[in-house]
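Please read it with the coordinates open beside you.

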Amino acid sequence: MAASSSAHVLLPPAGVALLALLLVMASSPEAAQAAAAGLSVGFYGESCPQAEAIVRQTVSKAFKKEPGTPADLIRLFFHDCFVREDEVLPNVPHPDFNTQQLTQNFTSKGFTVEEMVTLSGAHSIGTSHCSSFTDRLYKYYGTYGTDPSIPATYAAYLKSKCPPETAAQQDPTMVQLDDVTPFRLDNQYYKNVLSGHVAFGSDVALLDTPETAALVRLYAKDPAVWPARFAAALVKVSKLYVLTGGEGEIRLNCSRVNS
Ligand code: HEM
Ligand SMILES: *[C@@H]1O[C@H](CO)[C@@H](O)[C@H](O)[C@H]1NC(C)=O
Ligand SMILES: *[C@@H]1O[C@H](CO)[C@@H](O)[C@H](O)[C@H]1NC(C)=O
């Protein structure tokens with residue numbers, strides 16, 4: 001895959017890496033298991049040998065036009081895989097969740113606490129609607145105050161971007177989740193968690209237990225540790241609720257089910 005050797009992977013390669021990953025898990029034991037279950041790595045090897053190159057090219061092109069593309073893809077990927085269609089709303093982790101609630105959601109799907117912390121690093125890119133965190137700015141625990149864990153300058157910044165009226169669900173205002181390196185999929189997210197420069201209560205909550213806080217500090221300190229763990233955890237996400245054989249279908253047109 002195109003990931004650079006630097007830990008600070010600039011985004012077109014990282015975005016492609018996500019998709020490429022799913023096509024290139026050939027040598028892992030997990031891949032062997034998946035193959036045994038009716039899935040095979042290299043599925044398109046004969047029917048469409050250019051598949052990977054096409055995906056890479058398409059994502060790179062999209063990134064140049066719209067730098068938010070990789071974040072959109074990662075979030076779509078997480079939601080598509082993590083939440084089964086029949087359980088939609090109640091099981092999407094909520095931005096106000098505490099560590100215990102988040103842990104319950106991840107462990108109920110077979111993920112470890114470490115993987116939960118690792119996957120949260122996806123918030124190193126992408127954007128959020130103001131409404132996902134305005135409670136922290138204006139109504140913290142219903143007190144109409146500001147969450148005291150937000151540093152004053154960052155709170156002022158968020159309030160300037162997201163005045164009270166943006167709390168409305170339909171409000172289109174967006175802010176960058178990682179204000180320092182918004183288009184780099186890197187370990188900056190963990191530095192932001194440590195300094196409180198994160199939008200969601202669920203991000204701050206990673207400091208609530210000694211185990212999760214230690215991982216946050218490790219990932220923040222050593223830029224080389226997180227990327228490989230993130231890649232492995234994403235591959236694991238891709239294996240949730242996989243449909244094989246006649247259970248699903250390969251769409252002829254991505255936008256709709258085959259007729
Ligand atoms: C730990 C629990 C998590 C919570 C509570 C959470 C919550 C959220 C929320 C509220 C948003 C903003 C939505 C909006 O208002 O537009 C968001 C954005 C995002 N999330 Fe998460 N998330 C979690 C875990 C993850 C994981 C595991 C991934 C991927 C591996 C992920 C990837 C993303 C990305 C990439 C965006 C930005 C989307 C974009 O810019 O299009 N999140 N998340
Ligand atoms: C996720 O956590 C919430 C709050 O603890 C809980 O209501 C929901 O059932 C959990 N979902 C799963 C799949 O564990
Ligand atoms: C795919 O389906 C969508 C929605 O029905 C339609 O608008 C689009 O034209 C279709 N694309 C192709 C290539 O057939």
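**Notes on the predicted model**

1. The shell around ligand 1 draws its largest share, five residues, from helix 4. Helix 4 (69-82), helix 5 (99-107), helix 6 (113-120) and strand 2 (127-129) each contribute at least two residues to that shell, where helices (H or I, at least four residues) and strands (E, at least two) are DSSP runs numbered from the N terminus.

2. On conventions, this is a predicted model, in which local features need pLDDT of at least 70 and side-chain atom pairs count only at pLDDT 80 or more, while totals for chains, interfaces and linings use all residues. Residues are numbered from 1 along each chain as its sequence is written, chains are lettered from A and ligands numbered from 1 in the order in which they are written, and side-chain values use heavy atoms, with hydrogens and water left out.

3. Which residues come nearest to ligand 1? Of the 23 residues around the ligand, they are D72, H123, T127, H129 and S132, a residue being counted as near when one of its heavy atoms lies within 4 Å. By class, the shell divides into twelve nonpolar, nine polar and two charged residues; here Ala, Val, Leu, Ile, Met, Phe, Trp, Tyr, Cys and Pro count as nonpolar, Asp, Glu, Lys and Arg as charged, and the others, Gly among them, as polar.

4. The iron atom of ligand 1 has H123 as its only protein donor, through NE2 at 2.1 Å. Donors are N, O and S atoms within 2.8 Å of the metal (3.2 Å for Na, K and Ca), and because water is not among the atoms, sites may look incomplete. H123 itself sits in the loop between helix 6 and strand 2.

5. A side-chain N or O atom of H123 is 2.9 Å from a nitrogen atom of the ligand, and a polar side-chain atom of R75 lies 3.3 Å from a nitrogen atom of the ligand. For S128, a side-chain N or O atom is 3.3 Å from an oxygen atom of ligand 1.

6. How many disulfides does a search of the whole structure find? The search finds one, a disulfide being a pair of cysteine sulfur atoms within 2.5 Å. C130 is joined to C162, with an S to S distance of 2.1 Å, and the link is left-handed, at -70° about the S-S bond. The pair links distant parts of the chain, 32 residues apart: C130 lies in the loop between strand 2 and helix 7 (134-138), and C162 in the loop between helix 8 (152-161) and strand 3 (174-176).

7. C48 is partly exposed at 27%, whereas C254 counts as exposed at 69%.

8. Around ligand 3 the residues are N253, S255 and R256. A polar side-chain atom of N253 lies 2.4 Å from an oxygen atom of this ligand, and a side-chain N or O atom of R256 is 3.1 Å from an oxygen atom of ligand 3. Taken alone, ligand 3 exposes 360 Å², of which the protein buries 30%; accessible areas come from the Shrake-Rupley method with a 1.4 Å probe, and for residues only the protein chains shown count as cover.

9. P223, in the loop between helix 11 (210-221) and helix 12 (225-238), is partly exposed at 30% relative accessibility, and its C-alpha is 8.6 Å from that of Q188, 35 residues apart in sequence. T181, in the loop between strand 3 and strand 4 (184-185), counts as buried at 18%; T181 and S124 are 57 residues apart in sequence and 7.5 Å apart, C-alpha to C-alpha.

10. For backbone geometry, Y241 has a positive phi of about 50° although it is not a glycine. Y241 belongs to the segment after helix 12 and, at 33% relative accessibility, counts as partly exposed.

Conventions
A polar contact is a pair of N or O atoms within 3.5 Å; within protein, one must be able to donate a hydrogen and the other to accept it, and residues adjacent in sequence count only if both atoms are side-chain atoms. Buried means under 20% relative accessible area, exposed over 50%, partly exposed in between (1.4 Å probe, protein chains only).
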